[in-house]
Amino acid sequence: MTVNEKKSKVMIFSKKKLKQNPTFTFDKKEIQTVQEFTYLGVKMSNTGNFLGHLTQTREKAMHAFYKINRTVDFKKPKPKQANKLFNSLISPILTYACDVWGVYQKQCYKKWETSPIEKMHLHFCKYYLGVNSKASNAACRAELGRFPLKIFIDKLIFKYYNHLISLPENSVTKQALLMSKFLFDSQIPYYLSHLSKILDIYNINDSIDLQRPFSKATLVSFYKKMTNEYLNIWKTNLETSSKLKFYRIFNDRYQEQKYLEIISNFEQRKQFTKFRISNHQLAIETGRYLRQRIEINQRVCIFCNRNETETEEHLLYNCPLYDTLRYEFFQKIDMNIPTNDIEIIACTKKILNFENQNIYYVSKYIYRCFELRQNIVTDVAVLNTF
């Protein structure tokens, strides 16, 4: 047998760092011992950790994203087309070999948010919407009707498990699976024990049986449970997040929002999205990020003398600065300006969920309000320089 010792490496798998690595030789020539090795495009670590692979995969996906973006700007297509572009061209890079490494990832959605894979997914969502990194992850995905990639990955994991079961008994891969079953029965953490945890996370009452693959109906049921589990987490997040206090007034639907198709002007659409998900420059939002955080009731509007917190509702209905714009807007949509809290909530639900031409008038009104506000801020800043 001929071996190229320059291309051959040795990697010793161990969770603990070895005091001294043993020496391996072939034909009296020493073979280098490494801590990481890339095999079939998967970067493996001697600790069994896939973080290096996930980080490398994110970099590849990011490179592909911006290379494609030079030809087809991801912000310009309709949301359906943008989602399709991402799913067809970027997602396959991010999820490469996920049916293997996905099993060993943290199953908690909160921890999944910090994964390099989901960070790239969120980068696409925020890039398309035109919002910055401080925008709520949950709200950005909801606006586009996109679920965390973890759900798609978990689906592929179960499909791959069915593939492993179908392999002939004498194949190396099937033998590895049988060894995993032995370790699983002995309550030693390994592949099948991680797979079992995924079943538990989704409250799937199904035991692992190497003689019985999951049926198509069962896989469809799994997918629904995965989706419903995330939707429950999303709804809880809406109810508890102070950042999404305004968002939960008008949106409880996890689906691609119609305004993304209707509003063709990107700058106008971007400002509307920022307003919806509280990623704007109003005091209610900027006050939370100051070095010395300001209490909510102290984040007052500096553009009027009402001494009210500068919230989204204040801009829409109360601030005298926008009276002219407000009067024009409500005339166009043939509605009365609300005067009390109950009317304000009902009006907010209605105008921010328009699915016709009226949503264009709403976005234009909000855009012009922020434009006016910014002009005043700029003028004041210029005066202060003298």
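A pocket is an open set of grid points with protein on both sides within 12 Å along at least five of seven lines, and its lining residues have an atom within 4 Å of a point. The views below show a predicted model.

**Figure 1. The second largest pocket and its lining.** The lining comprises 22 residues, and Lys 245, Ile 249, Thr 311, Glu 312 and Glu 313 are those nearest the centre of the pocket. Two or more lining residues come from each of α14 (283-286), α15 (312-318) and α17 (341-351). The biggest contribution is that of α15, with four residues.

**Figure 2. The largest pocket.** This pocket holds about 1,600 Å³ of space. Its lining is made up of 42 residues, with Gly 48, Phe 50, Val 100, Trp 101 and Tyr 104 nearest the centre. Elements that each supply at least two lining residues include β5, α1 (51-69), α7 (149-166) and α9 (191-201). Helix α8 gives the most, five residues. Of the lining residues, 24 are nonpolar, 13 polar and five charged.

**Figure 3. The salt bridge between Glu 285 and Lys 243.** The closest N and O atoms of this pair are 2.3 Å apart. Glu 285 belongs to helix α14, whereas Lys 243 sits in the loop between α10 (216-240) and α11 (247-250); the two are 42 residues apart and link distant parts of the chain. Both residues are buried.

Figure 4. Asp 323 is partly exposed because its relative accessibility is 40%. Arg 326, at 2% relative accessible area, falls under the 20% limit and so counts as buried.

**Figure 5. A salt-bridge network.** Lys 80, Glu 256 and Glu 261 are the linked residues. The model's salt bridges number 17.

**Figure 6. A nonpolar patch on the surface.** The patch is formed by Phe 37, Tyr 39, Leu 40 and Tyr 96, which together have about 430 Å² of accessible area. Leu 40 is in the loop between β4 (36-39) and β5 (42-45). With a relative accessible area of 61%, Leu 40 is exposed.

Note on methods. Residues numbered from 1 in each chain as written. Predicted model: local features only at pLDDT ≥ 70, side-chain atom pairs only at ≥ 80, totals over all residues. Heavy atoms only, no water. Patch = residues over 30% accessible without salt bridge, like charges linked within 9 Å, V, L, I, M, F, W, Y side chains within 5 Å. Areas by Shrake-Rupley, 256 points an atom, 1.4 Å probe, with all protein chains shown as cover. Salt bridge = Lys/Arg side-chain N within 4 Å of Asp/Glu carboxyl O. Buried < 20%, exposed > 50% of the residue type's maximum accessible area, 1.4 Å probe, protein only. 1 Å grid on protein atoms, 1.4 Å probe; cavity = no way out; pocket = protein on both sides within 12 Å on 5 of 7 lines; lining within 4 Å. Points joined across faces, edges and corners; volume = space filled by probe spheres on them. Nonpolar A, V, L, I, M, F, W, Y, C, P; charged D, E, K, R; others polar.
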